[in-house]
Amino acid sequence: MSKKQPVSRRQFLNYTLTGVGGFMAAGMLMPMVRFAVDPVLKGEAAGEYHPTQQKVSELTDTPVRVDFSYEQTDAWYTSEVTHTAWVYKNDKGEIVALSPVCKHLGCTVSWEGNDHKDKFFCPCHNGMYEKNGKNIPGTPPLKPLDVYPTAEKGGLLQLGKPEANNV
């Protein structure tokens with residue numbers, strides 16, 4: 001028969017402190033690991049589109065301002081966000097939706113503002129863009145206006161997240 005060996009006081013304290021220390025270390029490390037891993041596991045909805053009230057059938061070759069809102073959640077705070085786009089149909093009949101945010105300093109551009117025919121105009125520093133969003137050389141903006149991906153659902157226009165314009 002095997003003889004039971006009694007646990008000494010020193011061994012008992014050693015086992016107890018090691019166990020308690022391990023739980024404390026795990027308690028501190030778990031939030032850090034979750035913080036690092038959570039964005040990888042949480043997949044963003046690819047191709048998420050936001051509905052607008054603009055009927056696709058009413059779009060012409062003249063840009064119109066389209067406002068749209070959606071609910072945005074930042075951590076624990078949920079808010080209603082409103083964005084704007086300049087939308088028109090190009091020569092091929094494709095829908096083009098441009099961001100109104102100037103690429104120079106972030107001011108809002110307007111269509112044919114300050115009597116600039118067939119151009120987007122930024123009043124902050126007289127920046128100008130062509131109808132397709134391309135920045136006009138000699139004006140402050142160095143990049144073209146961002147473009148929104150578009151979709152149609154039930155005859156209404158839907159807009160995605162703005163992307164860099166490659167014109």
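Start by selecting aspartate 146 and lysine 103: they form a salt bridge whose closest N and O atoms are 3.2 Å apart. The term stands for a side-chain nitrogen of Lys or Arg within 4 Å of a carboxyl oxygen of Asp or Glu. Aspartate 146 sits in the loop between β7 (127–129) and β8 (147–148), and lysine 103 in the loop between β4 (95–98) and β5 (110–111), so the pair ties together parts that are 43 residues apart in sequence. Strands here are DSSP runs of E with at least two residues, helices are runs of H or I with at least four residues, and both are numbered from the N terminus. Lysine 103 counts as partly exposed because its relative accessibility is 32%; buried means under 20% relative accessible area, exposed over 50%, and partly exposed in between (1.4 Å probe, protein chains only).

Before moving on, a word on what you are viewing. This is a predicted model, in which local features need pLDDT of at least 70 and side-chain atom pairs count only at pLDDT 80 or more, while totals for chains, interfaces and linings use all residues. Residues are numbered from 1 along each chain as its sequence is written, and side-chain values use heavy atoms, with hydrogens and water left out.

How many salt bridges does a search of the whole structure find? There are two. For the other, select arginine 65 and aspartate 67, where the closest N and O atoms are 3.4 Å apart. Aspartate 67 is partly exposed, with a relative accessible area of 45%.

Next, go to threonine 52 in strand β1 (residues 50–55). Is threonine 52 buried or exposed? Its relative accessible area is 3%, so threonine 52 is buried. Show its polar contacts (pairs of N or O atoms within 3.5 Å; within protein, one must be able to donate a hydrogen and the other to accept it, and residues adjacent in sequence count only if both atoms are side-chain atoms). The side chain of threonine 52 reaches the backbone oxygen of leucine 157 at 2.6 Å, and a polar atom of that side chain lies 3.3 Å from the backbone nitrogen of glutamine 54. Now display Val66, Phe68, Leu156, Leu157 and Leu159, the residues in contact with threonine 52 once neighbours within four places in sequence are left aside. Contact means heavy atoms within 4.5 Å.

Two loop residues are worth a click. Aspartate 118, in the loop between β5 and β6 (120–122), has a positive phi of about 55° although it is not a glycine. Asparagine 126, in the loop between β6 and β7, also has a positive phi, about 60°, and is not a glycine. Asparagine 126 is partly exposed, with a relative accessible area of 47%.

Now select methionine 28 in helix α1 (residues 9–41). Methionine 28 counts as exposed because its relative accessibility is 56%.

Finally, zoom out. Along the principal axes, the C-alpha atoms fill a box of roughly 100 × 40 × 25 Å.
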